[in-house]
Amino acid sequence: MGFRTKSDPDGRKQILTGKRSALFVSVCVLPFVMVDGRQASAASTEGTSAAAPAAVVAPSRAIHARTPRISESTSSVAPTGGYIEDIRVSGNTRIETNTVLSYMVARVGDPFSQDDLDRSLKTLYATGLFKDVTLRRDGNILLVRLKENPIVNRIVFEGNHAAKDEDLRKVLALRPRAVFSAETTADDRQRILEVYAQKARFAAVVTPQIIKLAHNRVDVVFQINEGPQTLISKIAFVGNKAYSESSLAGVVSSKETAWYHFLSSSDEYNPERIKYDAELLRRFYLRNGFVDFQIKDVKGELSPDRKSFYVTFTMDEGVRYRLGKVDIRSSLRHVPAKSLRKYVELFPHQWYDGKAVQDNATDMEEILQAEGHPFAQVRPTIARNPEKRIVNLLFDVSEGPRHYVERIDVNGNTITQDNVVRRQLPFAEGDPYTTSYKKYAKEAVQDLGFFKSVDVSTSQGSAPDRTNVAVNVVEKPTGEFSLGGGYSTDVGVIGNVGLKQHNLLGTGVDAGFSGTVSQWQKQADISITNPAFMGRNLVAGADIFFVENNYQTYQNYSEGRYGITLRMGYSYNRYLSQSWNYSLIRRWVGDTWDQSSYYVLDQKGKSLLSQIGTTLMYDTRDNRMAPHSGYYVSVGGDFAGIGGDEKYVRGKVNGAYYVPLDDITNSHSWTFMVRGGAGYMADWGNGRHDIIDNFYLGGNNLRGFLDGGAGPRSVGILNHSSEDLLGGRFMYNASAQLNFPIPFLSDMGIGGRAFVDTGSVAGLRVKRLYTSKANDGIYYTPISGDTLRPRVSAGAGFSWKSPFGLLNIDLGVPVMRSHNDRTQLLRFGFGQQF
């Protein structure tokens, strides 16, 4: 690209902006410089010897400063050759003479000492302010002649696409309006190459070009040829006997390059990732009984054309061990070893699993601490028997050092209030402190979602048993403005907008507004939630909402509601929590037509719901969004009738259990899940019996069936031919699902699942029955599908965490169904906020 030029008032030309054409040519011996826009050869330009940094420097040639030296007249000065009567400085235009003198070791009145002159020369060079320094003696006067380094006018990057300008500027030591240094420029070139190395571009070439301007200024242009990405063409394993290369390739996070990795960075060579892969291999072998496993060498070799890498892991597997004796030794007061055996989850003759051993020790330690032994520690020790290939395991239970929290400091929180962080911690000043608390403290603060990074460190307090805890955080934006779109089989094409603040004024309060418009639904919601209401273990919040659903695709009416919900919840411990809610909602049913069944026509009109509900949940899942292990059980109920038109009691129970299949598949991506639920509602008093309050089965809770498509429905007759889904008062459902990785697609964020769903809903709940012959001779609507006989479906699906949003597709095939149940073979949803 070519630069445009503009004349200065004095008639000289100055480089401004734009692209450079072929003005610069890299040469091997005599680099050229631009002086006021004119080319001058290195041989004829003053100061362009080895001391002059202002030159075009090829990537293979280092930029360096002139080696400090003293002129011949100075070097011949004898230490006893008189005293310095005066020091005269010349050549300095920006830097004050007094400043120059302050840097020098030699002073007026000192003898002419060769050592002082050498040190003065080196000190002046070390400031980085000068590109040439000459010291010369003239009688008893010391002459100091300087050439100042230029000032950086601007820094320009050309040819960069994979790395943004702002990302490259962050790593530079050079800055505009700072003193130019050739050595710093060379270091910055190396830093830019390191940025490209992190992006797997090891063939990148960076050429610094120094362009001289008027008034001793320079432009620094980093000409970048990024080159292609350096991908991994081959991953090899040497020394593996128990597991094949394909099995180990599934363990490491780095992958060989393939066409389907275009949305993943796993095939890019990254030295840090390779180190992590070595650790993954070590953990894998240790989990599978190879106690003596060692990584001998990890090597990444760049191909001769610098376009790909060959990665080789050299290992020594050793022998595989089984567990022998599993013992407990306790020196903890009032805690005999016998009483701890019930907490041992391992058994003899199973393959030794290092992770399971450590997890068992950690669990036992936490149980003891919760039971009133805050300083209990459990240390697993092993004794190998290579001949029998067994490992004897001993859990050593003892009391660790006593430490108490003396002070808690929260640092780096410029927005979030201290108390928001403190209330997340599992301890307070004066409480016992153990090493396990550090892990939980970090996780608890990270779970707030308010910080880019969280670090918990400790230091010695005022006494040996006192500990100061520092929580160091880095704030991140917690406001969110979102626009979204997508498609769902539930509501059609979706558009949404949202404005939220998850940390309102640094108080931890979550507040926001969201709105959704789709083909068959409109929704608006204003919500606010305080996770520590009144400074206590109490979550409190409120929602004001409006919803309008148009069910014309599978129901012959529309339904709308607006109202307010008040929420409150609290935790008993890490796993057990309870929530309460109260709702006051105005509802209406409309858009019926002449062909609608009598049961739907009975619903037309408005109603008021006043309802209180509660849910008690015990949850041990390792991840709420994507569980891999653990389980949850929830029991809840709703009571309607504190005013309003509805009077019913509704109970619900749900649960799920997640089984990791790591031991069977040697992969963390396989999970088996079973879940189920049931609900029942009973009426009391003289309520409206609106069908919009009933249980419905189908869609998400019974794939292969339309939303509400399994269960009681009206049968069309004569001039009321529509069949409307009516729901029921009792429902149960269950599901078994296997989550698994899809070969070659896992790195793209695609995971598969296979499932079997079953369930049923029954118990007609309507305002009145129309099953007898009327006086006008017309038979009113009978009911179909009101049976507890199970419906069953089976199928498969996949989820894709694409750059454009989460895509879910499920294909469910009904295996058992009732007559006239409505089915839906393919179900999918897609959406993204941006």
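Let's start with a pair of charged side chains: aspartate 543 and arginine 567 form a salt bridge, with their closest N and O atoms 2.5 Å apart. Keep in mind as you look that this is a predicted model. The two partners come from distant parts of the chain, 24 residues apart, with aspartate 543 in strand E24 (residues 539-550) and arginine 567 in strand E25 (residues 558-571). Aspartate 543 counts as buried because its relative accessible area is 14%, under the 20% cut-off. Arginine 567 comes out at 26% relative accessibility, so it counts as partly exposed.

The structure holds 39 salt bridges in total, and a couple of others deserve a look.

One of them joins glutamate 646 to arginine 587, at 3.0 Å from N to O. This pair, too, links distant parts of the chain, 59 residues apart: arginine 587 belongs to strand E26 (residues 576-590), while glutamate 646 is in the loop between strand E28 (630-640) and strand E29 (648-660). Both glutamate 646 and arginine 587 are buried. They also belong to a network, in which salt bridges that share partners join Arg587, Glu646, Arg688, Asp690 and Asp693. Another salt bridge brings together the side chains of arginine 621 and aspartate 619, at 2.8 Å from N to O. Aspartate 619 has a relative accessible area of 3%, so it is buried.

The largest nonpolar core has 22 residues, and the members that touch the most others are Phe237, Leu248, Leu281, Tyr285, Phe313 and Met315. Strand E11 (231-238), helix H7 (271-287) and strand E13 (308-316) are the elements that each give two or more residues to this core. H7 supplies the largest share, 6 residues.

Next comes helix H8. It has 17 residues and reaches 25 Å from its first C-alpha to its last, close to the 24 Å expected at 1.5 Å a residue. Which residues of H8 are buried? They are Gly354, Val357, Asn360, Ala361, Met364, Glu365, Glu366, Leu368 and Gln369. The cover over these buried residues includes H7, strand E15 (376-385), strand E16 (390-399) and helix H10 (435-446). At the N-terminal end, aspartate 353 caps H8, with a side-chain oxygen 3.0 Å from the backbone nitrogen of lysine 355. Following H8 is glycine 372, with a positive phi near 100°.

Finally, check out two residues with a positive phi that are not glycines. Histidine 334 has a phi of about 65° and is found in the loop between strand E14 (322-330) and helix H8 (354-370). Is histidine 334 buried or exposed? Its relative accessible area is 69%, so histidine 334 is exposed. Asparagine 216 has a phi of about 55°, and its place is the loop between strand E9 (205-213) and strand E10 (217-225). With a relative accessible area of 30%, asparagine 216 is partly exposed.

Conventions
Residues are numbered from 1 along each chain as its sequence is written. This is a predicted model: local features need pLDDT of at least 70, side-chain atom pairs count only at pLDDT 80 or more; totals for chains, interfaces and linings use all residues. Side-chain values use heavy atoms; hydrogens and water are left out. Helices (H or I, at least four residues) and strands (E, at least two) are DSSP runs, numbered from the N terminus. Buried means under 20% relative accessible area, exposed over 50%, partly exposed in between (1.4 Å probe, protein chains only). A nonpolar core is a set of buried Ala, Val, Leu, Ile, Met, Phe, Trp, Tyr and Cys residues joined through side-chain atoms within 4.5 Å. The expected span of a helix is 1.5 Å times one less than its number of residues. Contact means heavy atoms within 4.5 Å. A polar contact is a pair of N or O atoms within 3.5 Å; within protein, one must be able to donate a hydrogen and the other to accept it, and residues adjacent in sequence count only if both atoms are side-chain atoms. A salt bridge is a side-chain nitrogen of Lys or Arg within 4 Å of a carboxyl oxygen of Asp or Glu.
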